[in-house]
Amino acid sequence: MTQPDDRTDRWLVVGAGPSGLSVSLALRCAGVDFEGVEAGSAVGGMWNMDNPGGAMYESAHFISSAARSGWADLPMPDHYPTYPRWWEIRDYIGGWAAHHGLAEFYTFDTRVTEAVPVDTGNREFWDVTLSTGEVRRYRGLVACPGFQRVPNVPAYPGTFSGEARHSQTYKSASEFHRKRVMVVGAGNSAVDIAVDAAIAAERAVISTRRAYWFFPKLIGGVPLDCFAINSVSSQDRLRRFLEIHVGDVGRVGFGTPDHPPLAHHPILNDQILHHLSHGDLVARPEVDRFDGSTVRFVNGSTEELDLIIWATGYLDRVPFVATENCRISSRDTDNDLFIWMFHRRHPQMMALGPANLAAGGYWALAASADLIANHIRDQRQHPERWQQMRRIIEGPEPDLSGGYSYYQKPGHLNYVNAAALDRYGAELAEELGFEPLAHPADFKPPELIDIDGWLDDPRPLSMPSHGSLAPIPYQPRDLIDG
Ligand SMILES: Cc1cc2nc3c(=O)[nH]c(=O)nc-3n(C[C@H](O)[C@H](O)[C@H](O)COP(=O)(O)OP(=O)(O)OC[C@H]3O[C@@H](n4cnc5c(N)ncnc54)[C@H](O)[C@@H]3O)c2cc1C
């Protein structure tokens, strides 16, 4: 076997999307030696449609608002729309990375194909194989490959004779011309793609296993993520609001949701119910079986179809690490990652991205990146504090639900309240004496409107400025010093 190239003096960051870039800036501010590899030819992650294997498509927009979603030190420009388009997010990420000079730390067009922990007796390293065939040994690995990478496709009896593929391959509504199309699933991508089908396909069908709450993109004139909805009772009152303002989704073919609003990632889309109400899109329940071009549903109804798009989500996996070396399971008992970041069994591996952040944004990624970079720096500079943090990592998982009632079903258990994670991270940083690095020291999560008060007294609200994330001018430490 070829001897790995020795890079044990540095860490490897995999991926130059928002997570990898946040980690890179934090490591750089911490003075930790690292380098990055990125499978695509530029920064931007999935928002850069030229990068391979991403989940992006032409009609995609942000689901969280521009005002709440950027990095705190450089908010999205005020000329951006409330919900920016995919290429505006790509350009924003590229601009932020350029502002901090992060691309120079990366080798592009280079993919990690495999990463394995190596126990040398007294310390762990990670051996990483690249798409070039090269094998390198690193001090440690921070995996930020994006966690919408490994498609999840359910199996049903029978054989479908048409074309069936996962939404990861979907790019444009032009793929639907003159076709009878079914989109399976009801996440945000699924409903976007179903809306594209409603407009472009000869016939458009959406099949879901259960009923969902559909949120308008603006409530009282402002985005949903401008509201603080911090309790189960608020969720109940929100249910009442949706019942009145959106109405019974049973009328367009879905049943009644079996969970409160915001129990999982909210589906924000004004167009889906519009197209269902106009008959341009037809709602069907779960698939029962296939028979050639005929799809039979569990209620006995059928459709003749040419194309099925499985918008059925992704498996939580680091694609280049064997599952036994990193289980990112939907069950606490099988989950190797403490707060979805720090490996409990392999101290030289961390990840950013597996947590599905509710009401978070890239500021929350930067806050998490600071925890990672502080801990990595401690290994050399403050070994006692490293050990203290390791004891925390190997201990019980904190409650990151923020007081919400979240859906306790596979595929939803990595749903984390961003404010709760931010609070927990801040407490941890204070307890351990961690420094702010990529994330401003005096950052406060954006001020939110109390939903209960607003539901008691609904009134028009003003749109927050995109700069509202950055109450103070901020520069990372090394940029000020140097
Ligand atoms: C339709 C849609 C709408 C969304 N809306 C929002 C929103 O409104 N707000 C929000 O905060 N998030 C949203 N997201 C979530 C999105 O995941 C994040 O915005 C963000 O892109 C996550 O960043 P990341 O760096 O973790 O992953 P990614 O953006 O996926 O970046 C990962 C990078 O790693 C690279 N990579 C992967 N594997 C390898 C490998 N083996 N070797 C080397 N490089 C590799 C990839 O090429 C990629 O560049 C949305 C997602 C979708 C699909």
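Biologist: Which domains does the domain assignment of the chain give?

Modeller: This is a predicted model, where local features need pLDDT of at least 70 and side-chain atom pairs count only at pLDDT 80 or more, while totals for chains, interfaces and linings use all residues. Residues are numbered from 1 along each chain as its sequence is written. Domain bounds come from an automatic or database domain assignment. The assignment gives domain 1 (5-150 + 315-445 + 473-481) and domain 2 (151-313).

Biologist: How many residues does the contact take from domain 1 and from domain 2?

Modeller: The C-alpha centres of domain 1 and domain 2 are 30 Å apart. Two residues are in contact if their C-beta atoms, placed from the backbone, lie within 7 Å. The contact takes 25 residues from domain 1 and 29 residues from domain 2.

Biologist: What radius of gyration does the chain have?

Modeller: The radius of gyration is taken over C-alpha atoms, and the globule rule is 2.2 Å times the number of residues to the power 0.38. For 482 residues, a compact globule would come near 23 Å. The chain agrees with this, at 23 Å.

Biologist: What percentage of the 482 residues in the chain is buried?

Modeller: A residue is buried if 20 or more other C-beta atoms lie within 10 Å of its own, exposed if 12 or fewer, and partly exposed in between, with C-beta atoms placed from the backbone. By that count, the buried share of the chain is 47%.

Biologist: Which residues come nearest to the ligand?

Modeller: A residue is near a molecule if its C-beta atom, placed from the backbone, lies within 6 Å of it. There are 33 residues around the ligand, and those that come nearest are Gly-15, Gly-17, Gly-45, Pro-145 and Gly-146.

Biologist: Which element gives the largest share of the shell around the ligand?

Modeller: Helices (H or I, at least four residues) and strands (E, at least two) are DSSP runs, numbered from the N terminus. Helix 1 (18-30) and helix 4 (188-200) are the elements that give two or more residues to this shell. The largest share, three residues, comes from helix 1.

Biologist: What span should helix 1 have, and how far apart are its end C-alpha atoms?

Modeller: The expected span of a helix is 1.5 Å times one less than its number of residues. Helix 1 has 13 residues, so its span should be 18 Å. Its end C-alpha atoms agree, lying 18 Å apart.

Biologist: Is helix 1 mostly covered or mostly open, and how many of its residues are buried?

Modeller: Helix 1 is mostly covered. Just after the helix, Gly-31 takes a positive phi of about 75 degrees. Within helix 1, the number of buried residues is 13 of 13.
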